[in-house]
Amino acid sequence: MFYGKSIFNLLKTAERFLKSKGICESKSDAQVVLSFVLNIKRQELFFRGSLKPTYEQISKFKDYILRRSEGEPVAYITGFAGFMGFEFKVNNNVLIPRPETEILVERVLEFADMRSKWSVLDLCTGSGCIAVALAKLGVFENITASDISENAINIAKENAQINNAININFVKSDIFDGISGDNFDIIVSNPPYVSEEEYCILKNELKFEPKNALVAKNSGLFFYREISNRACRYLKNTGIVFLELNANKAYEIRSIFLDSPYYKNLRIVKDYAGLPRVLEAEINI
Ligand SMILES: C[S@@+](CC[C@H](N)C(=O)[O-])C[C@H]1O[C@@H](n2cnc3c(N)ncnc32)[C@H](O)[C@@H]1O
């Protein structure tokens, strides 16, 4: 159904096929995959609509479209995802960076201010998207990025290299266990926050991502409790925590920090969909 077709007709065929398999973004997914296979920009597809790709190119395109039809995210197929205007290498060892996490980075940048030099800890760094974006867009004294997964740390290191982000120190660590130093100005984290119950009903597509990047014990609250109990030992007494929130549990999470004597001036920031997305908590010492 694909061979011998022009770019224009390949796109139409792939779009129809993906739609028939229940893929919502069938049109844009077909375009992203074909431009990746042809190694051209997405906009160029439209200038070259009548061109016929080679047999090998079509064969690759067909394989990728089949993978997409089975739910595999486009970012894992192309191996790249965009975040804060930068490109990140991704594979099934790391969560695909999400647009809503950009709010977290924007809040940290706004707080840190371009004139100041702060030290930052990015807990649960995954692909390194938060640490790398901060290193590229802010002026920080130093950035430490940690994750329990060695494979994730390796990808994060590659992403720092790809984006020429030079001042990041990567550490393999189970939450705070491998972190030394008590003088961070900022701890930022997008921790796993999906409960087992929520995971069971997630879309098939999300099951391609590492389960340990998504799911947290204690109804999804484990990392929030750990961070609330332990972060103050790693922060200066003027320090601040920025956390991405599970929007379904934002006020429960805020209560965890409200009930702790270590924090003051709690703020919840909404995302562009109006959902509570970031919790900010200043150290109260
Ligand atoms: C939701 S992902 C966030 C990844 C990345 N920061 C982002 O925003 O796209 C959570 C990350 O936490 C890591 N993780 C899971 N359990 C952990 C633990 N006990 N200690 C440290 N990191 C952990 C996972 O490997 C995963 O990379």
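This is a predicted model: local features need pLDDT of at least 70, side-chain atom pairs count only at pLDDT 80 or more; totals for chains, interfaces and linings use all residues.
The ligand sits in the largest pocket. A shell of 20 residues surrounds the ligand, and the closest of these are Cys 124, Asp 147, Asp 174, Ile 175 and Asn 190. By residue class, the shell divides into 11 nonpolar, seven polar and two charged residues. Two helices, helix 7 (129–137) and helix 10 (211–214), each supply at least two residues of this shell.

In the case of Asp 147, a side-chain N or O atom is 2.7 Å from an oxygen atom of the ligand. Taken alone, the ligand exposes 590 Å², of which the protein buries 96%.

Attention now turns to backbone geometry in the loops. Most residues other than glycine have a negative phi. Met 84, although not a glycine, has a positive phi of about 50°. This residue is placed in the loop between strand 1 (80–83) and strand 2 (86–89). With a relative accessible area of 16%, Met 84 is buried, because the limit for that class is under 20%.

Asn 218 is not a glycine either, and its phi is also positive, at about 50°. The loop that contains Asn 218 runs between helix 10 and helix 11 (222–230); helix 10 is also one of the helices that supply residues of the shell around the ligand. The relative accessibility of Asn 218 is 44%, and this residue therefore counts as partly exposed, the class that lies between under 20% and over 50%. Thus Met 84 is buried, whereas Asn 218 is partly exposed.

A further loop residue is Asn 92, which lies between strand 2 and helix 6 (101–112). Asn 92 has a relative accessibility of 52% and so counts as exposed, the cut-off being over 50%. In sequence, Asn 92 and Tyr 234 are 142 residues apart, and their C-alpha atoms are 31 Å apart in space.

How values were computed
Residues are numbered from 1 along each chain as its sequence is written. Side-chain values use heavy atoms; hydrogens and water are left out. A residue is near a molecule or strand if one of its heavy atoms lies within 4 Å of it. A polar contact is a pair of N or O atoms within 3.5 Å; within protein, one must be able to donate a hydrogen and the other to accept it, and residues adjacent in sequence count only if both atoms are side-chain atoms. Accessible areas come from the Shrake-Rupley method with a 1.4 Å probe; for residues, only the protein chains shown count as cover. On a 1 Å grid over the protein atoms alone, a cavity is a set of points where a 1.4 Å probe fits but cannot get out, and a pocket is an open set with protein on both sides within 12 Å along at least five of seven lines; lining residues have an atom within 4 Å of a point. A molecule sits in a cavity or pocket if more than half of its atoms lie within 2 Å of its grid points. Helices (H or I, at least four residues) and strands (E, at least two) are DSSP runs, numbered from the N terminus. Ala, Val, Leu, Ile, Met, Phe, Trp, Tyr, Cys and Pro count as nonpolar, Asp, Glu, Lys and Arg as charged, and the others, Gly among them, as polar. Buried means under 20% relative accessible area, exposed over 50%, partly exposed in between (1.4 Å probe, protein chains only).
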